[in-house]
Amino acid sequence: MLKDFSKEQFDIVLQAGQSNSEGSGIGNALKPFQPSEDIWYLNNDFTISKAQELVSGNNIVGNFSLSFAGEYANKGVLDKGRKLLIIRAAVGGTGFLDKRWGMQDDLFLRMMEMIKTALVLNSQNRLVTFLWHQGETDAILKADYKTHYKNLSALINSVRYTFDCDKLPFLAADFVKQWKNDNYELCEPVVNAMQDICGSIGNAQFIDSEGLQSNDQKLGNGDTIHFCRESLNQLGSLYFNAFCKIC
């Protein structure tokens with residue numbers, strides 16, 4: 001039987017950006033995230049399903065919104081009778097300079113429609129935070145500080161203005177340090193822009209990724225740009241701690 005989500009009251013977590021937000025962290029199958037009736041996904045095809053990790057062979061592909069949501073649900077933030085809905089708007093390998101996240105671009109427009117869809121399910125639904133991880137593509141495409149600052153600011157301001165939530169917490173994090181250090185000149189202007197945005201727009205936090213390993217560091221597979229599954233779980237906890245500082 002299809003579930004009637006109009007009867008559920010959701011705290012809505014928006015998760016957007018590219019592959020580290022979509023979830024590309026590989027790890028072993030020990031201690032998988034346990035799906036529950038309290039935490040749901042709004043997928044990018046507009047279906048709703050229980051939040052869960054993906055299985056790939058003997059490995060699990062992680063997602064930092066799950067550890068964030070687990071702490072949100074279990075540490076007294078989620079009010080009784082409410083549930084969490086994670087909007088899964090991230091797509092790997094995408095940025096502003098390749099015309100995916102700008103104000104007239106497909107992923108931005110779809111994200112906005114996903115938020116609208118989540119909110120109209122029930123008049124008591126509310127958007128509670130914006131989890132963002134992106135910028136590697138723009139770094140590779142040699143974005144300068146001013147351009148990235150302008151593009152990301154416009155995206156955040158549009159979400160806050162459109163949905164009448166000018167104090168919506170915005171959380172972003174640094175790249176994988178291994179990849180960033182190998183590409184420092186490309187990454188510096190993009191990361192500096194993100195840091196300065198978080199310091200200027202109010203109700204925002206930039207999260208350091210120091211000590212969080214890549215897939216390559218954990219598994220030796222040559223993938224230096226993506227956090228491993230264990231690091232994604234840690235990253236979600238860091239996002240939650242940053243959220244608590246704002247709220």
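Predicted model: local features only at pLDDT ≥ 70, side-chain atom pairs only at ≥ 80, totals over all residues.

**Loop residues, pockets and core**

Aspartate 98 is placed in the loop that runs between β7 (83-88) and α3 (106-120).

- A polar atom of the side chain of aspartate 98 is 2.8 Å from the backbone nitrogen of glycine 95.
- Beyond its neighbours within four places in sequence, aspartate 98 has contacts with Gly93, Thr137 and Leu141.
- Between aspartate 98 and glycine 211 there are 113 residues of separation along the chain, and their C-alpha atoms are 30 Å apart.
- Lysine 99 also has its place in the loop between β7 and α3, and at 60% relative accessibility lysine 99 counts as exposed.
- The phi of lysine 99 is positive, about 65°, although the residue is not a glycine; most residues other than glycine have a negative phi.

**The largest pocket and asparagine 43**

- The largest pocket holds about 300 Å³ of space, and of the 17 residues lining this pocket, Glu22, Tyr41, Asn43, Leu54 and Arg88 are the closest to its centre.
- By class, five residues of the lining of the largest pocket are nonpolar, seven are polar and five are charged.
- Asparagine 43, one of the residues closest to the centre of that pocket, belongs to the loop between β3 (39-42) and β4 (48-50).
- The relative accessible area of asparagine 43 is 19%, so this residue counts as buried, the limit being under 20%.
- The side chains of asparagine 43 and serine 49 are joined by a polar contact of 3.0 Å.
- When residues up to four places away in sequence are not counted, asparagine 43 touches Ile48, Ser49, Arg88 and Met114.
- Phenylalanine 46 is likewise in the loop between β3 and β4, where it is partly exposed with a relative accessible area of 35%.
- Although phenylalanine 46 is not a glycine, its phi is positive, at about 70°.

**The second largest pocket**

- About 160 Å³ of space is found in the second largest pocket, whose lining is made up of Ile26, Gly27, Asn28, Leu30, Lys218, Leu219, Cys228, Arg229, Glu230 and Asn233.
- Two or more residues of this lining come from each of β2 (26-28), α8 (215-219) and α9 (229-246).
- The lining of the second largest pocket comprises four nonpolar, three polar and three charged residues.
- Isoleucine 225 sits in the loop between α8 and α9, and its contacts, leaving aside neighbours within four places in sequence, are with Asn20, Glu136, Val176 and Trp179.
- Isoleucine 225 and lysine 31 are separated by 194 residues in sequence and by 24 Å in space, C-alpha to C-alpha.

- The largest nonpolar core has 71 residues, and Met111, Phe130, Trp132 and Val159 have the most contacts inside it.
- The element that gives the most to this core is α3, with seven residues.
- In soluble globular proteins, nonpolar side chains tend to be buried together.
- Residues up to four places away in sequence aside, tryptophan 132 touches Ala16, Gly17, Phe96, Trp101, Leu152, Leu155, Phe170, Leu171, Ala172, Ala173 and Tyr239.
- Threonine 129 is part of strand β8 (residues 126-133), and with a relative accessible area of 0% threonine 129 is buried.
- The backbone oxygen of proline 169 is reached by the side chain of threonine 129 at 3.3 Å.
- Apart from neighbours within four places in sequence, threonine 129 contacts Ile12, Val13, Leu14, Phe68, Leu168, Pro169, Leu171 and Phe243.

**Helix α2**

- Helix α2 (residues 64-74) is largely enclosed by the rest of the structure, because nine of its 11 residues are buried.
- The buried residues of α2 are Phe64, Ser65, Leu66, Ser67, Phe68, Ala69, Gly70, Glu71 and Tyr72.
- After α2 comes glycine 76, which has a positive phi near 85°.

Key. Residues numbered from 1 in each chain as written. Heavy atoms only, no water. Helix = DSSP H or I, 4+ residues; strand = E, 2+ residues; numbered from the N terminus. Contact = heavy atoms within 4.5 Å. Polar contact = N/O pair within 3.5 Å; in protein donor to acceptor, adjacent residues only side chain to side chain. 1 Å grid on protein atoms, 1.4 Å probe; cavity = no way out; pocket = protein on both sides within 12 Å on 5 of 7 lines; lining within 4 Å. Points joined across faces, edges and corners; volume = space filled by probe spheres on them. Nonpolar A, V, L, I, M, F, W, Y, C, P; charged D, E, K, R; others polar. Core = buried A, V, L, I, M, F, W, Y, C linked by side-chain atoms within 4.5 Å. Buried < 20%, exposed > 50% of the residue type's maximum accessible area, 1.4 Å probe, protein only.
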